[in-house]
Amino acid sequence: MNHYVNREIEYYTTSLLGKNFVFFPETISLLEIDNKLFELLKKGETYQNIVLPKEVLEIFEQYGRLNKTKSEETKLKQVTHFRGLTLDVTQECNMRCAYCYENSKEFDRLSRMDSETAKKAIIKLLKPDMDNQRRRLTFFGGEPLLNFDLIEMIVSYVEKMWPDRFSFGITTNATLIDTKIADFLTKKKFSVLVSLDGLERTQNILRPLKDSENSFIKTIHGIKLLNEKGLKPSIRCTSTSVNSDLSNFAEVFKELSIRKLYVAVVSTSNEHMIPESFELTSSYQKLYEYFRHKNGTFLGLVSSTAKKIESKEFSANCTAGRTMVTLASNGDVYICHRKVGVSSFFIGNVISNTFEEIVLTSKSKLNKLSSKIEECKNCWARNLCSGICMATIGLPEKHFRVYCEFVKKAIELSFVEVARKKSNSVPTTTGS
Ligand code: SF4
Ligand code: SF4
């Protein structure tokens with residue numbers, strides 16, 4: 001790996017799974033290169049003292065030139081409505097996960113959202129009468145299926161008021177899914193994200209049910225019911241020191257139909273629970289290799305990054321507080337779904353504050369939170385990675401290092417993924 005940058009040119013080279021790459025961060029351009037050029041770039045300590053073939057030099061000048069990419073800073077000025085709303089339909093949960101961030105929040109764990117609060121929030125924050133663009137509702141908790149009646153009611157309300165304008169998502173532990181719920185989620189075309197941390201023993205240690213029943217069996221049963229209806233959920237695995245070896249997932253997924261696997265590094269101030277980055281990244285790579293032969297786009301972060309490279313789409317910082325906000329069960333609005341109950345992320349109340357007040361508060365709080373994120377500015381991955389998650393500010397330094405290594409590994413695997421789909425070797429005039 002070699003990241004070279006001077007005042008005019010920047011590039012990054014890496015070699016993975018038998019392929020060599022040069023990546024130009026400023027223009028999100030990726031080229032697969034041969035061994036000869038890779039060795040040349042590796043040997044030369046700086047771009048200036050390498051003698052490059054003319055056609056290669058031209059490519060470097062075209063893709064590697066720095067022109068100071070602009071920030072997303074001003075986007076909030078134009079906010080007239082939010083595009084997505086996460087509804088914390090209940091704070092209650094039937095699990096007691098070992099790393100649950102909900103435990104540290106200041107609210108009533110039994111509180112449930114009512115339909116009037118949800119409707120007010122949809123109208124005030126999403127303004128669906130304003131235009132014909134689509135809006136998204138994501139149901140979250142606690143365990144949102146503990147308030148399934150409200151979910152059904154809200155879905156039927158928006159479908160009646162604004163037919164075909166809403167899409168739906170839910171993050172669930174899947175243990176409460178029965179035939180009726182599976183049928184509903186399938187018919188309403190929900191994107192379902194199921195939290196699952198590994199095989200039976202691991203899942204039962206990390207995500208035990210409150211009543212001590214086997215949570216793995218219940219979660220797998222819920223997924224199978226969805227599969228029977230034709231719905232393929234995605235999986236979210238929270239990586240900890242207990243389950244940092246992700247290769248187990250190959251076993252789990254043999255008998256299940258899964259769309260994608262998303263991996264997150266556990267958000268905790270307990271350093272012992274944070275996984276070791278080598279174990280996490282090497283098992284992630286193994287999983288990529290395992291699934292590549294079946295379905296190369298299986299790993300969520302690899303596949304979304306590959307798409308960004310192919311379309312040269314710059315990664316904005318996360319959408320929290322910009323295009324998406326979260327509603328707590330009592331009507332309070334927060335920047336991020338993981339920070340409900342945390343005052344630095346609180347941006348108003350849907351009953352007592354106007355839309356404009358909520359947007360202004362969001363902007364000012366985002367500025368404060370983002371100003372703490374300095375380390376990403378010179379990173380070679382900055383235009384593909386959304387940077388440090390605001391929700392993890394204040395966690396141990398180890399968390400950031402592991403997260404960072406993991407993201408970089410996923411981005412490098414996405415290079416392989418792009419190259420796999422398209423062979424473009426240097427010398428050539430084609431960038432990705
Ligand atoms: S989080 Fe890490 S990989 Fe992402 S931009 Fe920041 S330094 Fe780079
Ligand atoms: S702040 Fe972090 S957890 Fe919240 S939406 Fe953004 S990336 Fe996700």
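# Notebook: helices, ligands and selected residues

I began with helix 10 and looked up what covers its buried residues: the list includes strand 4 (29-33), strand 10 (261-265), helix 9 (277-292) and helix 12 (397-421). The model I am reading is a predicted one.

**Entry 1. Helix 10.** I looked up which residues of helix 10 are buried, and found Leu301, Val302, Thr305, Ala306 and Ile309. They lie on the same side of helix 10, because they cover an arc of only 130° around the axis. I then checked the length of helix 10, which runs over residues 300-311. Its twelve residues, at 1.5 Å a residue, should span 16 Å, and the end C-alpha atoms are 17 Å apart, which agrees. Just after helix 10 I found lysine 312, with a positive phi of about 50°.

**Entry 2. Helix 11.** I made the same kind of check on helix 11, residues 355-370. The buried residues of helix 11 are Ile358, Val359, Ser362, Leu366 and Leu369. Viewed down the axis of helix 11, these fall within an arc of 95°, so they line one face of the helix. I asked what this buried side packs against, and found strand 11 (324-327), strand 12 (332-334) and strand 13 (346-349). On the face turned away from the buried side I recorded the exposed residues Glu356, Ser364, Asn367 and Lys368.

**Entry 3. The whole protein.** I recorded twelve helices and 13 strands in the protein. Of its 432 residues, 39% are buried. Among contacts with a separation of 6 or more, 73% join residues 24 or more positions apart.

**Entry 4. The two ligands.** Which residues surround ligand 1? I listed Glu375, Cys376, Cys379, Ala381, Arg382, Cys385, Gly387, Ile388, Cys404, Val407 and Lys408. I sorted this shell into seven nonpolar, one polar and three charged residues. Around ligand 2 I found Cys318, Ala320, Cys336, Arg338, Cys389, Met390 and Ala391. The shell of ligand 2 has six nonpolar residues, no polar ones and one charged residue.

**Entry 5. Arginine 135.** I located arginine 135 in strand 6, residues 135-140. Is arginine 135 buried or exposed? Arginine 135 counts as buried, because it has 21 C-beta neighbours inside 10 Å and the cut-off for a buried residue is 20 or more. Leaving out residues up to four places away in sequence, arginine 135 touches Arg83, Gly84, Leu126, Pro128, Arg165 and Phe166. I also compared arginine 135 with serine 167: they are 32 residues apart in sequence, and their C-alpha atoms are 6.5 Å apart in space.

**Entry 6. Cysteine 237.** Cysteine 237 is in strand 9, residues 234-239. I found cysteine 237 to be buried, with 22 other C-beta atoms within 10 Å. Beyond residues up to four places away in sequence, cysteine 237 touches Leu196, Asp197, Leu246, Leu261 and Val263. Aspartate 197 is 40 residues from cysteine 237 in sequence, yet their C-alpha atoms are 4.7 Å apart.

**Entry 7. Two lysines with positive phi.** Lysine 127 has a phi near 40°, a positive value. I placed lysine 127 in the loop between helix 3 (115-126) and strand 6, and with 14 C-beta neighbours inside 10 Å it counts as partly exposed. Lysine 189 has a positive phi of about 55°, although it is not a glycine. Lysine 189 lies in the loop between helix 5 (179-187) and strand 8 (191-195). Lysine 189 is exposed, with 9 other C-beta atoms within 10 Å.

**Entry 8. Confidence.** I looked up the mean pLDDT of the protein, which is 87, and 88% of its residues reach 70 or more. Over residues 70-76 the pLDDT is below 50, and beyond near neighbours in sequence this stretch has six contacts in the model. Residues 424-432 also stay under 50, and the model gives them 25 contacts beyond four places in sequence. I kept one caution in view: where pLDDT is low, the predicted coordinates should not be read in detail.

Technical notes. Residues numbered from 1 in each chain as written. Chains lettered and ligands numbered in written order. Predicted model: local features only at pLDDT ≥ 70, side-chain atom pairs only at ≥ 80, totals over all residues. Helix = DSSP H or I, 4+ residues; strand = E, 2+ residues; numbered from the N terminus. Buried ≥ 20, exposed ≤ 12 C-beta atoms within 10 Å, placed from the backbone. Contact = placed C-beta atoms within 7 Å. Near = placed C-beta within 6 Å. Nonpolar A, V, L, I, M, F, W, Y, C, P; charged D, E, K, R; others polar. Expected span 1.5 Å × (residues − 1). Arc of directions from axis to C-beta. pLDDT = per-residue confidence, 0-100.
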